[in-house]
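This report describes one protein structure for a reader who has not seen it before. Please look through the sequence and the model first, then read the sections below.

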Amino acid sequence: MTPTQKNERARQVLATRRLRIRRIRRRIAAGGAAAFIAVFTVIAADGSMGSSSTTATASQTAQATSTTSSDTTSSSSASSSNGNTGSGAGSTSVTTSQS
């Protein structure tokens, strides 16, 4: 082989290698974009990333309801024992707290 033939063969090998690397890079970029779009779609359809489940909301509502009823009872008894009648019929102050 002459040096010219070697150079030509080396150019062909390098050109083939460049094309193969370009295809691999494009596939990786397309796969990454597809994965991002899939994850973004799932998050957009499902809602925020926080743990917002209906079970937690239902338990908080039940807890708030039980706290409100016990606070109302204690407020009524406290105002009647203090002798405070309030400005209107049956007016009591209700304080709710959630933990």
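## Nonpolar patch

Which residues make a nonpolar surface patch of about 370 Å²? The patch is made by F36, I37 and F40. A patch consists of residues with over 30% relative accessible area and no salt bridge, where like charges are joined within 9 Å and nonpolar side chains (Val, Leu, Ile, Met, Phe, Trp, Tyr) within 5 Å. F36 lies in helix α1.

## Basis of the values

The model is predicted, and local features need pLDDT of at least 70, side-chain atom pairs count only at pLDDT 80 or more, while totals for chains, interfaces and linings use all residues. Residues are numbered from 1 along each chain as its sequence is written, and side-chain values use heavy atoms, with hydrogens and water left out.

## Overall make-up

The secondary structure comes to two helices and zero strands. Helices (H or I, at least four residues) and strands (E, at least two) are DSSP runs, numbered from the N terminus.

Of the 99 residues in the protein, 3% are buried. Buried means under 20% relative accessible area, exposed means over 50%, and partly exposed lies in between (1.4 Å probe, protein chains only). The accessible surface of the protein is about 8,400 Å², and 58% of this belongs to carbon and sulfur atoms. Such areas come from the Shrake-Rupley method with a 1.4 Å probe; for residues, only the protein chains shown count as cover.

## Aromatic pair

The structure holds one aromatic pair. The pair is formed by F36 and F40 and is stacked, with 6.1 Å centre to centre and 20 degrees between the planes. Rings of Phe, Tyr and Trp (its six-membered ring) pair if their centres lie within 6.5 Å; planes under 30 degrees apart count as stacked, over 60 as edge-to-face and the rest as tilted.

F36 and F40 are separated by about one helical turn because they are four residues apart in helix α1. F36 counts as exposed because its relative accessibility is 57%, and F40 counts as exposed at 54%.

## Charged side chains

The count of salt bridges comes to one. A salt bridge is a side-chain nitrogen of Lys or Arg within 4 Å of a carboxyl oxygen of Asp or Glu. The side chains of E8 and R11 meet in a salt bridge at 3.7 Å, N to O. E8 and R11 both lie in helix α1, three residues apart, about one turn of the helix. E8 is partly exposed, with a relative accessible area of 41%, whereas R11 is exposed at 55%.

R17, R20, R23 and R27 form a positive surface patch. Lys and Arg count as positive and Asp and Glu as negative, while His and the chain ends are not counted. The place of a charge is taken as NZ of Lys, CZ of Arg, CG of Asp or CD of Glu. R23 lies in helix α1, residues 3-46, and counts as partly exposed at 47% relative accessibility.
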